[in-house]
Amino acid sequence: MSVFKLRHATTYTFSAPVTLGPHLLYLRPRADHALRLDASTLTVSPTADIIWRNDAYGNSVAVATFAGQTDRLDIVSELTAETFPRSESQRKALLANGPLVWPINEQPALAPYFHIENRDRSAIAGWLKKTVSKTAKLPYDKLLECAARIRGEFDYRPRYEPGLQSPQETVATHSGTCRDFAELMIAASRSLGCAARFVSGYIYVPNAAPGSAAPHAWAECYLPGTGWIEIDSTNGLVEHGDLIPVAVALSGRNLSPVTGTFTGAASSQLAVGVDVVKQC
């Protein structure tokens, strides 16, 4: 078990007063067997009407609506959370020791998590041909091999503009951010016959300067009998206690901690500061 205090501050400044449209805030983790949320506060300025709901994936979403005009938007989320990752021995105790066999009752729910974009198929197939060992291995071992190759062969390059590279682009450039590597890991997992999805959250980095952390992204892969397994190919972590998941989706294309619109003749600037402090 690990306990974390998190602070995620998002500030938009506008060159002139604007009217803010509704904003969706994916900032509150879901509580489950692997994570317990002990405290959570959300502060928004200017004052907003906030309604909490669950989206189609079961994520907790705050919908913020505003009145009037403003030249600044501040959103601060503060959390205390505990993580309870499974050990390697616990995962292996649940792993099937043979071909992937999907329970009939799970197949309809998992079907979307096998989809691969046509533009990515040949690039992923070519990369997997060079990446995955030809010796017989269990699906779990193949997934770990893919994650290790991504971490070892690809260069991490920060990119601050919104959006994602396609797996095809990441394979071509052999570089990307954590969200790009998550998308590549998802595509590789699906090509190997495993359901996979995108995870947005945070990671604890020892000795990080105050405010220097950032939202993080990784993949979850589903194996029969085991369930969803966190695989962070950027850092080489598997179901690690320093990963704090917040939201999941088929892809990271439409999953961002803060999304919204504004109207008005103004430009905008974004500043994000994240602190993740490990208490024990």
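This is a predicted model: local features need pLDDT of at least 70, side-chain atom pairs count only at pLDDT 80 or more; totals for chains, interfaces and linings use all residues.

Author: In it Thr11 is buried, because its relative accessible area is 16%, under the 20% cut-off.

Reader: Where is Thr11 placed?

Author: Thr11 is in strand E1, which covers residues 2–28.

Reader: And which side chain does the side chain of Thr11 make a polar contact with?

Author: That of Asp74, at 2.7 Å.

Reader: What else is Thr11 in contact with, leaving aside neighbours within four places in sequence?

Author: Besides Asp74, the contacts of Thr11 are Arg72, Leu73, Gln269, Leu270 and Ala271.

Reader: Rings now. How many aromatic pairs are in the whole structure?

Author: A search finds nine. One of the pairs is Tyr113 with Trp228: the ring centres are 5.4 Å apart and the planes are at 70°, so it counts as edge-to-face.

Reader: Which parts does that pair tie together?

Author: Tyr113 lies in the loop between helix H2 (107–110) and helix H3 (118–131), and Trp228 in strand E10 (residues 227–232), so the pair ties together parts 115 residues apart in sequence.

Reader: Is Tyr113 buried or exposed?

Author: Buried, because its relative accessibility is 11%.

Reader: Which residues do ring pairs link into a cluster?

Author: Trp102, Tyr113, Phe114, Tyr222 and Trp228.

Reader: What lies over the face of Trp228?

Author: Arg197 does, at 4.0 Å from the ring centre.

Reader: And what sits over the ring of Trp52?

Author: The charged end of Arg28, 5.8 Å from the centre of that ring.

Note on methods:
Residues are numbered from 1 along each chain as its sequence is written. Side-chain values use heavy atoms; hydrogens and water are left out. Helices (H or I, at least four residues) and strands (E, at least two) are DSSP runs, numbered from the N terminus. Buried means under 20% relative accessible area, exposed over 50%, partly exposed in between (1.4 Å probe, protein chains only). A polar contact is a pair of N or O atoms within 3.5 Å; within protein, one must be able to donate a hydrogen and the other to accept it, and residues adjacent in sequence count only if both atoms are side-chain atoms. Contact means heavy atoms within 4.5 Å. Rings of Phe, Tyr and Trp (its six-membered ring) pair if their centres lie within 6.5 Å; planes under 30 degrees apart count as stacked, over 60 as edge-to-face and the rest as tilted. A charge sits over a ring if NZ of Lys or CZ of Arg is within 6 Å of the ring centre and within 35 degrees of the ring normal.
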